[in-house]
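Subject: Structure handover

Hello,

Here is the structure we spoke about. Please open it alongside this message and follow the residues as they come up.

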Amino acid sequence: MTQSPSRITKAVIPAAGLGTRFLPATKATPKEMLPVVDKPAIQYVVEEAAAAGLSDVLMITGRNKRALEDHFDRNYELEGALARKGDAERLAKVQESNELATMHYVRQGDPRGLGHAILCAAPHVGDQPFAVLLGDDLIDPRDPLLSRMMEVQEREGGSVIALMAVDPEQIHLYGCAAVEPTGESDVVKVHDLVEKPDAADAPSNYAIIGRYVLDPAIFEILRKTEPGRGGEIQITDALQQLSVDEKVGGPVHGVIFTGRRYDTGDRGDFLRAIVRLACEREDLGPDFRAWLRSYVSEEM
């Protein structure tokens, strides 16, 4: 089913999780505010949305997440102090985060899963397609994914999910898609979805990663979706209904991503993301790479 294009302008970023895997660091600090080199992880995600032309960003937060709002707001005292010192470089960095997009916030009062968090965005999103970006997945800006997904959605209608081929032994950690090819090498038609299947039961090794472009029909399905795996309302379960009945909200397509992705949801991958990004920085990379080579060869 192809629908007339509707320009996507709104992004939803769920950020209400407790961050228990990063305790005790996240006892008083939101996990999304942990720095990846010298920027909080959540800023990379908002930058990605802004780069794709999404100027309206709704963040789904929870208790003890006020730091997220403060980060994307003005800090007049700090800006004034830097201006008086003539520190234009740091002043620009401070102001950068509050100039990325128009930010909105709503609290997910009851942590009932990703599907429920997305449902909290319904009054803000209305009846237009919208993007969802999960903060645990940082996508390298040199490998644009979201803009490609928006292109497919505007052409095909319905919803589009991001997929990545993973080791079959790891598929139980992800939602998994059953797919069929299309005329484009990086686009597939999705006809079934399973949340964290056992390797023997997985329909493919295509894992869902944290980017979605969703038809607003998803809201009505989420309202009726019963809690699934983990006792939570799963977005995968709602998308599964869309994939098997196109009359509800159009087809579901997948964009297969083969670029650079940094997973910050796991402590080990979080550290690897920092090392990879630091190594590639022009200002930090040369000295850091030299130290890293020396450390590995001499200390390890």
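The model is predicted, so local features need pLDDT of at least 70 and side-chain atom pairs count only at pLDDT 80 or more, while totals for chains, interfaces and linings use all residues. Residues are numbered from 1 along each chain as its sequence is written, and side-chain values use heavy atoms, with hydrogens and water left out.

Some terms first. Helices (H or I, at least four residues) and strands (E, at least two) are DSSP runs, numbered from the N terminus. Buried means under 20% relative accessible area, exposed means over 50%, and partly exposed is in between (1.4 Å probe, protein chains only). Contact means heavy atoms within 4.5 Å.

Helix pairs

Two packed helices are described by the angle between their axes and the distance between the axes. Axes are lines fitted to C-alpha atoms, for helices over the stretch in contact, and angles run from 0 to 180 degrees between N-to-C directions. Angles under 35 degrees count as roughly parallel, over 145 as roughly antiparallel, 65 to 115 as roughly perpendicular, and the rest as oblique.

Take helix α8 (residues 217–224) and helix α9 (residues 235–244): their axes come within 9 Å and cross at roughly 120 degrees. α8 and α9 are therefore oblique to each other. The crossing of α8 past α9 is right-handed; a crossing has that name if the near helix is turned clockwise from the far one by less than a right angle, and is left-handed if anticlockwise. On the α8 side the contact is made by Ile-218, Ile-221 and Leu-222, and on the α9 side by Ile-235, Ala-238, Leu-239, Gln-241 and Leu-242. Sorted by class, this contact has seven nonpolar residues, one polar and no charged. Here Ala, Val, Leu, Ile, Met, Phe, Trp, Tyr, Cys and Pro count as nonpolar, Asp, Glu, Lys and Arg as charged, and the others, Gly among them, as polar.

The axes of α11 and α12 come within 7 Å and cross at roughly 125 degrees, which makes α11 oblique to α12. Val-275, Ala-278 and Cys-279 of α11 meet Gly-285, Phe-288, Arg-289 and Leu-292 of α12. This contact of α11 with α12 has five nonpolar, one polar and one charged residues.

Length and burial

How far apart are the end C-alpha atoms of helix α11 (residues 267–280)? They are 20 Å apart, which agrees with the 20 Å that its 14 residues should span at 1.5 Å a residue. The expected span is 1.5 Å times one less than the number of residues. In α11, Phe-270, Ala-273, Leu-277, Ala-278 and Cys-279 are buried. Their cover includes β2 (35–36), α1 (41–51), β13 (261–263) and α12 (285–299).

As for α1, eight of its eleven residues are buried, so α1 is largely enclosed by the rest of the structure. The buried ones are Ala-41, Ile-42, Gln-43, Tyr-44, Val-45, Val-46, Glu-48 and Ala-49.

Backbone

Most residues other than glycine have a negative phi, and most peptide bonds are trans. Val-37, not a glycine, has a positive phi of about 65 degrees. Val-37 lies in the loop between β2 and β3 (39–40) and, at 24% relative accessibility, counts as partly exposed. Asn-64 also has a positive phi, near 65 degrees; this residue is in the loop between β4 (56–61) and α2 (66–71) and, at 62% relative accessibility, counts as exposed. The peptide bond from Leu-23 to Pro-24 is cis, with omega near 10 degrees, and Pro-24 lies in the loop between β1 (10–14) and β2.

Single residues

Leaving out residues up to four places away in sequence, His-253 touches residues including Val-152, Glu-156, Thr-182 and Val-190.

Arg-260 is in the loop between β12 and β13 and counts as partly exposed at 27% relative accessibility. Arg-260 and Asp-140 are 120 residues apart along the chain, yet their C-alpha atoms are separated by 5.5 Å.

Regards
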